[in-house]
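This report takes a brief look at one protein model.

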Amino acid sequence: MFRRLIAASVLLLITTAAMAAPTKSVTIVGRNDLRFSQDHITVAPGEKITLKLVNKSHLPASAMSHNWVLLKSGTDAGAFDNAARSAPDNDYIPESMSDRVIAHTAMVGGGHSDTITFTAPTKPGDYEYICTFPGHFRAGMKGTLTVSPAN
């Protein structure tokens, strides 16, 4: 009986420690030069991430809004961006390709931000993130989330 109690206590401590694992916080600024302030993020497989996208632009939202869209491995970012142009009412996230998205923020205008929390993929590799506001990806507003066990 005592051994079972000890084993259950140890299991509870391990589970509690795993659940209390820290969340990686990342803040990215969408800039007027059509770049993200960070074009590379490295995380551990399955790591919990809280990402804040900030738009500091003073231009009207119709001219300079940004979002942050993390795509699944193997997704053609150009094709996704092309499809996004037809989805302005859905923050430029095409319904037909929503299964290719791991996580995304809302579209944010100048002076606004959006924060999301998601779990990084468990498969190591590089995952592309882009802004789907028309013209931004083509101008270079993209980056890479690297999932690495050495992180």
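Three strands make up an open sheet of mixed pairing, in the order 1-3-6. Strand 1 (24-30) and strand 6 are the edge strands, each pairing on one side only. On average, neighbouring strands of this sheet are turned by 20° against each other, direction ignored. The model is a predicted one.

Strand 3 and strand 6 run antiparallel and are joined by eight bridges. Within this pairing, K52 stands opposite T115 in strand 6.

## Aromatic pairs

How are two aromatic rings described as a pair? The distance of the centres and the angle of the planes do it. With ring centres required to lie within 6.5 Å, the count comes to four aromatic pairs. Two of them are set out here.

| Pair | Centre distance | Plane angle | Class |
|---|---|---|---|
| W68 and F118 | 5.8 Å | 35° | tilted |
| Y92 and F133 | 5.7 Å | 70° | edge-to-face |

Why is the pair of W68 and F118 tilted? Planes under 30 degrees apart count as stacked and those over 60 as edge-to-face, with the rest tilted. The planes of W68 and F118 stand at 35°, so this pair is tilted. By the same cut-offs, Y92 and F133 are edge-to-face because their planes stand at 70°.

Where do W68 and F118 lie? W68 is in the loop between strand 3 (48-55) and strand 4 (69-71), while F118 is in strand 6 (residues 112-119). The pair therefore ties together parts that are 50 residues apart in sequence. Both W68 and F118 are buried. They also belong to one aromatic cluster, formed by F36, W68, F118 and Y129.

The pair of Y92 and F133 links two loops. Y92 lies between helix 2 (77-84) and strand 5 (101-104), and F133 between strand 7 (125-130) and helix 3 (136-139). This pair ties together parts that are 41 residues apart in sequence. Are its two residues buried or exposed? Buried means under 20% relative accessible area. Y92 has 15% relative accessibility, so Y92 counts as buried. F133 has 10%, so F133 counts as buried too.

## Positive phi

Which residues have a positive phi without being glycine? L34 is one of them, with phi near 60°. L34 sits in the loop between strand 1 and strand 2 (40-43). Its relative accessible area is 18%, so L34 is buried.

Y92 is another, with a positive phi of about 60°. Y92, found in the loop between helix 2 and strand 5, is the residue whose ring pairs edge-to-face with that of F133.

## Helix 2

How many of the eight residues of helix 2 are buried? Six are, and the helix is mostly covered. The buried residues are A77, G78, F80, D81, A83 and A84. What covers them includes strand 4, strand 5, strand 7 and helix 3.

In an α-helix, residues three or four places apart point the same way, because there are 3.6 residues a turn.

The N-terminal end of helix 2 is capped by D76. A side-chain oxygen of D76 lies 3.0 Å from the backbone nitrogen of G78. G78 is itself among the buried residues of the helix.

How values were computed: Residues numbered from 1 in each chain as written. Predicted model: local features only at pLDDT ≥ 70, side-chain atom pairs only at ≥ 80, totals over all residues. Heavy atoms only, no water. Phe/Tyr/Trp six-rings, centres within 6.5 Å; stacked < 30°, edge-to-face > 60°. Helix = DSSP H or I, 4+ residues; strand = E, 2+ residues; numbered from the N terminus. Buried < 20%, exposed > 50% of the residue type's maximum accessible area, 1.4 Å probe, protein only. Pairing = 2+ DSSP bridges. Axes fitted to C-alpha atoms, helices over the stretch in contact; angles between N-to-C directions. Contact = heavy atoms within 4.5 Å. Polar contact = N/O pair within 3.5 Å; in protein donor to acceptor, adjacent residues only side chain to side chain.
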